[in-house]
Amino acid sequence: MADPVRSPTTTPEAVLATAQRMLADGLVEGTSGNISGRLDGGRVCLSPSSVPYDTMTLDDLVIVDLDGTVVDGERAPTTEKDLHLAALRRYPELGAVIHTHAVYATMFALAHEAIPAVIEEVVVYVGGDVPCCDYRGTGSVELGEEVASHLADRGAALLANHGLVTCGPSPETALHNAALVERTAKIVWGARAMGATIHPLPERVNRDMAGVYRYVRDNP
Ligand SMILES: [Zn+2]
């Protein structure tokens with residue numbers, strides 16, 4: 001039997017710094033979007049509900065167990081906590097999840113269309129096309145399960161009529177993936193606006209690079 005994966009962990013400081021980078025990088029606005037990071041001891045650090053990123057402090061973050069019970073913090077956790085916890089429960093190799101309403105990615109989510117992995121780095125960092133999950137109500141347990149079911153071999157997925165979720169071993173990686181997916185969505189959208197035919201990567205390149213994604217993900 002293979003050794004169980006030793007889950008990567010982070011700190012509330014890294015979760016807060018990444019939350020504020022999400023704002024600075026234009027991936028979120030106001031209080032939209034949210035972030036989680038796995039802490040040691042089976043705990044998870046979640047961003048709070050309804051606190052603007054630019055005034056958010058460490059005291060605003062909420063610590064929960066993997067079932068969502070608050071173990072520390074004064075505020076209510078993000079209303080999308082199930083989106084985060086479903087992925088972190090199911091995939092021990094993941095250490096962080098980010099949810100945003102990034103504009104170009106959300107355009108694909110409205111169309112219920114995968115963002116095609118037509119740029120090499122997307123396959124390496126995300127594993128392939130960014131799939132679009134079936135619609136489930138925002139904040140629901142069902143949305144969390146639906147999204148988690150699409151993250152087995154991907155570092156990102158679209159929420160139908162809603163936005164984007166990315167994941168990785170650390171908050172920094174999840175943020176990197178969010179920026180990469182948003183940039184890719186913008187490029188694909190622009191290429192189509194040019195009237196261009198978008199050519200897929202060669203199958204062998206896709207396969208090899210997806211293998212790199214799998215290796216990195218399995219060795220957090
Ligand atoms: Zn949302």
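Predicted model: local features only at pLDDT ≥ 70, side-chain atom pairs only at ≥ 80, totals over all residues.
Student: What makes the pair of Tyr104 and Trp189 edge-to-face?

Tutor: Rings of Phe, Tyr and Trp (its six-membered ring) pair if their centres lie within 6.5 Å; planes under 30 degrees apart count as stacked, over 60 as edge-to-face and the rest as tilted. The centres of Tyr104 and Trp189 are 5.4 Å apart and the planes stand at 65 degrees, so the pair is edge-to-face. Tyr104 belongs to helix α3 (residues 103-110) and Trp189 to helix α6, 85 residues apart.

Student: Why is Trp189 called partly exposed?

Tutor: Buried means under 20% relative accessible area, exposed over 50%, and partly exposed in between (1.4 Å probe, protein chains only). Trp189 has 42% relative accessibility, so Trp189 counts as partly exposed. The buried residues of α6 include Leu180, Val181 and Val188.

Student: Why is α3 called roughly perpendicular to α6?

Tutor: Their axes come within 7 Å and cross at roughly 65 degrees. Angles under 35 degrees count as roughly parallel, over 145 as roughly antiparallel, 65 to 115 as roughly perpendicular and the rest as oblique, which makes α3 roughly perpendicular to α6.

Student: How do you know that the charged end of Arg217 sits over the ring of Tyr91?

Tutor: The rule asks for NZ of Lys or CZ of Arg within 6 Å of the ring centre and within 35 degrees of the ring normal. The charged end of Arg217 is 5.0 Å from the centre of the Tyr91 ring, and sits over that ring.

Tutor: Residues are numbered from 1 along each chain as its sequence is written. Local features need pLDDT of at least 70, side-chain atom pairs count only at pLDDT 80 or more, and totals for chains, interfaces and linings use all residues, while side-chain values use heavy atoms, without hydrogens and water.

Conventions
Helix = DSSP H or I, 4+ residues; strand = E, 2+ residues; numbered from the N terminus. Axes fitted to C-alpha atoms, helices over the stretch in contact; angles between N-to-C directions.
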